[in-house]
Amino acid sequence: MIITCPYCGPRDSSEFVYQGEDGRTRPDPASTDQAAWNAYVYDRVNTAGEHEEIWQHSGGCRAHLRLVRNTLTHKISSVSMARHATVPRRRRKAETPA
Amino acid sequence: MREYSAYMLLRNALTGNRDWKPAWRKPDPKPSYDVVIIGGGGHGLATAYYLAKEHGITNVAVIEKGYLGSGNVGRNTTAVRSNYLLPENHRFYEHSMDLWENLSHDLNYNVMFSQRGCLNLAHTPAQFDDYARRGNALRHEGIDAELMTPTQIAREVRGLDLSGSQRFPVVGGLMQRSAGTARHDAVAWGYARGADRRGVDIIENCEVTGFLRDGDRVTGISTTRGEIRAPKVAVAVAGSTSRVMQLAGIERLPIESQVLQAFVSESLKPVLDTVITFGMGHFYVAQSDKGGLIYGGALDGYNSYAQRGSLPLVEEVHAEMLAMFPGLASVRVLRSWGGICDMSMDGSPIITTGPLPGMYLNCGWCYGGFKATPASGWCFAHTIARDEPHPLNAPFTLDRFHRGMVIDDKGQGATPNLH
């Protein structure tokens, strides 16, 4: 699997560390909402198909990347900087409560 | 259906093998059953078998989207062991071992269970201490475990690099002699035949497309071969758990589906008579009766439903094999493949009633489901028949994650690609 890093160009997936599905937002650290913390730590959508996920280019520029990758075919359709995705991600989370 | 026996084998051999009958029927689905099991893999078939045998519930259908043995039961590396650290796992997997020991006789089907032992190599003194701790925990529960020195290992395993000059020298190992291997396809076929003989309908090439509901309660399933009603619907679909449960409106589970690759080499003369694992990475190998080395390593480490992996893991697995057995460098790889593992958040399975009324869930096997097949089916059948878990699977609930009762054998936390 080749991941095209926005900084470094096409690189082998072994240079990257997988950090799991995107869209999980850590509750406010001051929050004592047990259910929200449990859901954040343990629950996953586990999508079959177009999957939004976070990888870190730990063997390269160390940037955190947001990929859209099809879990049925491993085809990557989009790579962007994870921080650029932050705002729309939170908005989407708010629209569809867990 | 007739019993298999040495006499039958001989008679068929002498008459040209023309008299063998199919081992199970190919029935059309009936409109309703007492229990419907989704998933005709090892666990689903074992569940059907024990429902019929232990609980007298024979009006059962097993629904399989492909053909029997097309999923993980036909894709694993066949190792059977119970050398875990935590008591919940000890008791469950040791019950599985007890069932394995009599399985061929029980099923009247040779599953070729071979207790050839499983040896975990340690490469640092700290790891050896850790193995001693696990060995003590095992012996405390009455499970056999034996610490071995490199000298003892050298007497039992040929070809292993014990020179001490490698990057990760072998400082010892932990052996479970009652562990071993079984013929994976025979397990699926044996359970299928055993269930079929007791009246269970095994319906292949039938995919679930939705759940029939009466309010919250699940009352049946819709499939590519029509609707099937049942007051009890059991789900045992391993890597497809999230997909099937989403059909029932369960959007999130403590499961990630990830791909695990496995490999088999060309056939060799007998070189390895035990299951052996590398401690400084993730690698395990055994030799089949046909002569091929069956081996694998870690997960690829990302979400996947593709049943195939990528090349970095192929390279890593073979590097680890050659670190252990330099003499195997010229052996050719015959095949490789991938299976989809339902990785749970603590590395332990889920066998439970619910999460909806009328539903039963069996999942979270990570990449260790094959060894659990008999106990999984046995416990799941009990859970379905009695509407409550057996004490052996009572700890393996779905809500344990939210209750802080995780069973994390490896102490890895909620990182499914590292279990």
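So, helix 2 and helix 7 of chain B: in this predicted model, the axes of helix 2 and helix 7 (residues 184-197) of chain B come within 8 Å and cross at roughly 30 degrees. That makes helix 2 of chain B roughly parallel to helix 7 of chain B. Quick word on terms. Axes here are lines fitted to C-alpha atoms, for helices over the stretch in contact, with angles running from 0 to 180 degrees between N-to-C directions. Under 35 degrees counts as roughly parallel, over 145 as roughly antiparallel, 65 to 115 as roughly perpendicular, and the rest as oblique. Helices (H or I, at least four residues) and strands (E, at least two) are DSSP runs, numbered from the N terminus.

The helix 2 and helix 7 crossing in chain B is left-handed; left-handed says the near helix is turned anticlockwise from the far one by less than a right angle, right-handed says clockwise. Who's touching whom? On the helix 2 side of chain B we have B:Gly42, B:Leu45, B:Ala46, B:Ala48, B:Tyr49 and B:Ala52, and they meet B:Val187, B:Ala188, B:Tyr191, B:Ala192, B:Gly194 and B:Ala195 of helix 7. Contact, by the way, needs C-beta atoms, placed from the backbone, within 7 Å. By class, this contact between helix 2 and helix 7 of chain B has ten nonpolar, two polar and no charged residues. For the classes, Ala, Val, Leu, Ile, Met, Phe, Trp, Tyr, Cys and Pro are nonpolar, Asp, Glu, Lys and Arg are charged, and the others, Gly among them, are polar.

Now, helix 2 of chain B (residues 42-55) also packs on helix 10 (residues 369-386) of chain B, with axes that come within 7 Å and cross at roughly 45 degrees. Helix 2 and helix 10 of chain B are therefore oblique to each other, and this crossing is right-handed. The tally for the contact of helix 2 with helix 10 of chain B is eleven nonpolar, eight polar and one charged.

Helix 10 of chain B has another partner, helix 3 of chain B: their axes are 8 Å apart, at an angle of about 100 degrees. Helix 3 and helix 10 of chain B are therefore roughly perpendicular. B:Phe92, B:Tyr93, B:His95, B:Ser96, B:Leu99 and B:Trp100 in helix 3 meet B:Lys371, B:Ala372, B:Pro374, B:Ala375 and B:Trp378 in helix 10. That contact of helix 3 with helix 10 of chain B divides into eight nonpolar, two polar and one charged.

Zooming out to the domains. Chain B splits into domain 1 (25-82 + 85-107 + 184-254 + 346-418) and domain 2 (118-180 + 256-344), with bounds from an automatic or database domain assignment. Their centres, taken over C-alpha atoms, are 27 Å apart. The contact between them takes 32 residues from domain 1 of chain B and 31 residues from domain 2 of chain B. Which element of chain B gives the largest share of the domain 1 side? Helix 3 of chain B, with five residues. The domain 1 side that touches domain 2 in chain B comes to 14 nonpolar, 13 polar and five charged.

On to the chain contact: 22 residues come from chain B and 21 residues from chain A. On the chain B side, helix 8 (241-247), strand 13 (255-267), strand 16 (292-303) and helix 11 (400-403) each give two or more residues. That chain B side divides into ten nonpolar, eight polar and four charged.

The peptide bond from B:Gly354 to B:Pro355 is cis, omega near 5 degrees, and B:Pro355 lies in the loop between strand 18 (350-353) and strand 19 (359-363) of chain B. Over in chain A, A:Asn46 has phi near 60 degrees, positive in a residue other than glycine; A:Asn46 is in the loop between helix 1 (34-42) and strand 4 (50-56) of chain A. For context, most residues other than glycine have a negative phi, and most peptide bonds are trans.

Last, confidence. pLDDT is the predictor's confidence in each residue, from 0 to 100. Chain B averages 95, with 100% of the residues scoring at least 70. Chain A has a mean pLDDT of 87, and 85% of its residues reach 70 or more. Over residues 86-98 of chain A the pLDDT is below 50, and beyond near neighbours in sequence that stretch has eight contacts in the model. The model scores ipTM 0.88 and pTM 0.93.

Housekeeping: residues are numbered from 1 along each chain as its sequence is written, while chains are lettered from A and ligands numbered from 1 in the order in which they are written. As this is a predicted model, local features need pLDDT of at least 70 and side-chain atom pairs count only at pLDDT 80 or more, whereas totals for chains, interfaces and linings use all residues.

Terms used
Contact = placed C-beta atoms within 7 Å.
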